[in-house]
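Welcome! Here is a short briefing to read alongside the structure.

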Amino acid sequence: MATIARICLQSLLKLVNSVLGMVGIAMVLYGLWMVRVWLRDMDSSSVDQYNAAAAAAPWFICTFLGAGVFLCAITCIGYLAAKFAHGCCLSCYMLIIFLVLLLETAMAADILLNSDWEKDLPYDPTGKFHDFKDFVKSNFDMFKWIGLLIVLAQGFSILLALALKSVEPNQGSSYDSDEECPPARLPLINPNVEPLEYIVAAKNNNWNSNK
């Protein structure tokens, strides 16, 4: 029964973990598209605009790509942890997901409580940050459900990893049959040794026969 529960938990963890993988792949593809558009705009711009754009780092594109790659890496770690169901791997996976949830909560709290949060960000030479912000505002309902799905997937991943760690196979389990029981310890003294009285009587009989 424990083996069936372990297999089901492993399959569920892989399924929930794939949600983070799909989000990471989508972010990487979108980041690569932004890089392509930015390079095309730089080729068509003038020399002064090209120098100004080249001097400022495209932090938003790099951050977007880095977040996507990080989510893909978390997906790989979660897949390995679900496949091998090792306690150390599951603990590391739960710690990483927990830290990501704390970071997301801090960012959401800063955006909601700080009305001037955009001023804390550096200048974006590509202009993709403002385009992405306008796209999120115009499709806020869709992004709200996507964000909720990501948070639920992360929380559910922690619960599944914790449950999978609790049903980890125990090496000290009881034996199912008598055949699997370890053999009893043999006594230090050989029980087949003949008594001393019998040995003395045999020596007397031999002495009498020789006499």
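Residues 92-113 are 100% helix and 0% strand, with end C-alpha atoms 32 Å apart; helices (H or I, at least four residues) and strands (E, at least two) are DSSP runs, numbered from the N terminus. This is a predicted model, where local features need pLDDT of at least 70, side-chain atom pairs count only at pLDDT 80 or more, and totals for chains, interfaces and linings use all residues. Residues are numbered from 1 along each chain as its sequence is written, and side-chain values use heavy atoms, leaving out hydrogens and water.

**Transmembrane regions**
- The unreviewed UniProt entry places the feature "transmembrane region" at residues 12-33, 53-80, 92-113 and 142-164; its annotations may be inferred rather than shown by experiment, and positions are given in the numbering used here, with feature names shortened.
- Residues 142-164 are 100% helix and 0% strand, and their end C-alpha atoms lie 32 Å apart.

**Cysteines**
- There are zero disulfides here (a disulfide is a pair of cysteine sulfur atoms within 2.5 Å).
- The largest pocket has a volume of about 2000 Å³ (on a 1 Å grid over the protein atoms alone, a pocket is an open set of points where a 1.4 Å probe fits, with protein on both sides within 12 Å along at least five of seven lines; grid points are joined across faces, edges and corners, and the volume is the space filled by probe spheres set on the points).
- Of its 39 lining residues (those with an atom within 4 Å of a point), the closest to the centre are Met27, Phe64, Met107, Ile111 and Phe132.
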